[in-house]
Amino acid sequence: MKIFLMGASGMIGARILAEAVARGHEVIAAARNPEKIAALPGVTRVAVDANDTAALAAQAAQADVYVSAVSPRSTGDAVTEAAGYREALLAAARTAGKRVIVVGGAGTLTFADGTPVMAKLPDFIVPEATGMKALKDALVQSDLDWTFFAPAATIAPGSRSGQFRLGGEVLLADAGGDSRISAEDYAMALLDEVETPAHRRAVFTIAY
């Protein structure tokens, strides 16, 4: 397949890129600073701003699927930043007529008792979680072909084990209450979804 990946230089985006390449996919890898994107076989690195609807749509139109791995962490105002990113993403996906898979956030999920995860987050994380929840809500209300993939509470570089659990909108945790996933296993599950869609117009999550 040909994948348009926005945010390819980030911690999660870089691992999605590596997983896609390992599976033989062609990738249009985009970031504000494309020189930070790994130079890999089958990868075309391009400079795109996450708020540039026209540029996003032009690149997405060339691909089979649009994967967005962007977090609102550049300006210090995550809510406003996420709003701009959200509107550009939705408009670009609609213009290009492509399926969009969004790297979401655990703060958009709920606990098993129905309590929003956001209610338990440290104050400094709440703005980003608020912005990502607004994106999730906008996707739900849209007519797009979308998937919102929220990671576990902790996602960090690690190993690619292939041993993980998938769930819906409830945060997953192990028997000790630990909710975590490696970025490598997250990328593996995301590419599984790219190749074999199982969560169209749905939210899903992952954890060990």
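Tutor: A residue counts as buried when its relative accessible area is under 20%, as exposed when that area is over 50%, and as partly exposed in between. Please keep in mind that this is a predicted model.

Student: Then R86: buried or exposed?
Tutor: R86 has a relative accessible area of 15%, which is under 20%, so R86 is buried.

Student: Where does R86 lie?
Tutor: R86 is part of helix 3.

Student: And what is R86 in contact with, leaving aside its neighbours within four places in sequence?
Tutor: With those neighbours set aside, R86 is in contact with A134, L135 and A138.

Student: On to helix 3 and helix 4: at roughly what angle do their axes cross?
Tutor: The axes of helix 3 (residues 78–96) and helix 4 (residues 126–141) cross at roughly 25 degrees and come within 8 Å. Because angles under 35 degrees count as roughly parallel, helix 3 is roughly parallel to helix 4. The crossing of helix 3 past helix 4 is right-handed.

Student: Which residues make that contact?
Tutor: From helix 3, the contact involves A78, V79, A82, Y85, R86 and L90. Helix 4 contributes P127, E128, T130, G131, M132, A134, L135, A138 and L139. Sorted by class, the residues of this contact of helix 3 with helix 4 are 11 nonpolar, 2 polar and 2 charged.

Student: What about helix 2 and helix 3, at roughly what angle do they cross?
Tutor: The axes of helix 2 and helix 3 come within 8 Å, and they cross at roughly 40 degrees. That angle makes helix 2 oblique to helix 3. Their crossing is right-handed.

Student: Which residues meet there?
Tutor: On the helix 2 side they are T53, L56, A57 and A60, and these meet A88, L89, A91, A92, T95 and A96 in helix 3. The contact of helix 2 with helix 3 has 8 nonpolar residues, 2 polar residues and no charged ones.

Student: Which residues of helix 2 are buried?
Tutor: The buried residues of helix 2 are L56, A57, Q59 and A60. They lie on the same side of helix 2, because they cover an arc of only 165 degrees around the axis.

Student: And what covers those buried residues?
Tutor: The cover includes helix 3 together with strand 1 (2–6), strand 2 (26–31), strand 3 (43–47) and strand 4 (65–68).

Student: Now A54, is that one buried or exposed?
Tutor: A54 counts as exposed, because its relative accessibility is 57% and the cut-off is over 50%. A54 belongs to helix 2 (residues 53–60). A54 and T95 are 41 residues apart in sequence, while their C-alpha atoms are 8.7 Å apart in space.

Student: Changing topic, how do helix 1 and helix 5 cross?
Tutor: The axes of helix 1 (residues 11–22) and helix 5 (residues 183–195) cross at roughly 55 degrees and come within 8 Å. The two helices are therefore oblique to each other. Helix 1 passes helix 5 with a right-handed crossing.

Student: Which residues are involved in that contact?
Tutor: M11, I12, R15, I16, E19 and A20 of helix 1 take part, with A183, E184, Y186, A187, M188, L190 and L191 of helix 5. By class, the contact of helix 1 with helix 5 has 10 nonpolar, no polar and 3 charged residues.

Student: Last one: what is phi of R201 near?
Tutor: Phi of R201 is near 50 degrees, a positive value in a residue other than glycine. Most residues other than glycine have a negative phi. R201 sits in the loop between helix 5 and strand 10 (202–207), and R201 counts as partly exposed at 41% relative accessibility.

How values were computed
Residues numbered from 1 in each chain as written. Predicted model: local features only at pLDDT ≥ 70, side-chain atom pairs only at ≥ 80, totals over all residues. Heavy atoms only, no water. Helix = DSSP H or I, 4+ residues; strand = E, 2+ residues; numbered from the N terminus. Buried < 20%, exposed > 50% of the residue type's maximum accessible area, 1.4 Å probe, protein only. Axes fitted to C-alpha atoms, helices over the stretch in contact; angles between N-to-C directions. Parallel < 35°, antiparallel > 145°, perpendicular 65-115°, else oblique. Left-handed = near helix turned anticlockwise from the far one by under 90°. Contact = heavy atoms within 4.5 Å. Nonpolar A, V, L, I, M, F, W, Y, C, P; charged D, E, K, R; others polar. Arc of directions from axis to C-beta.
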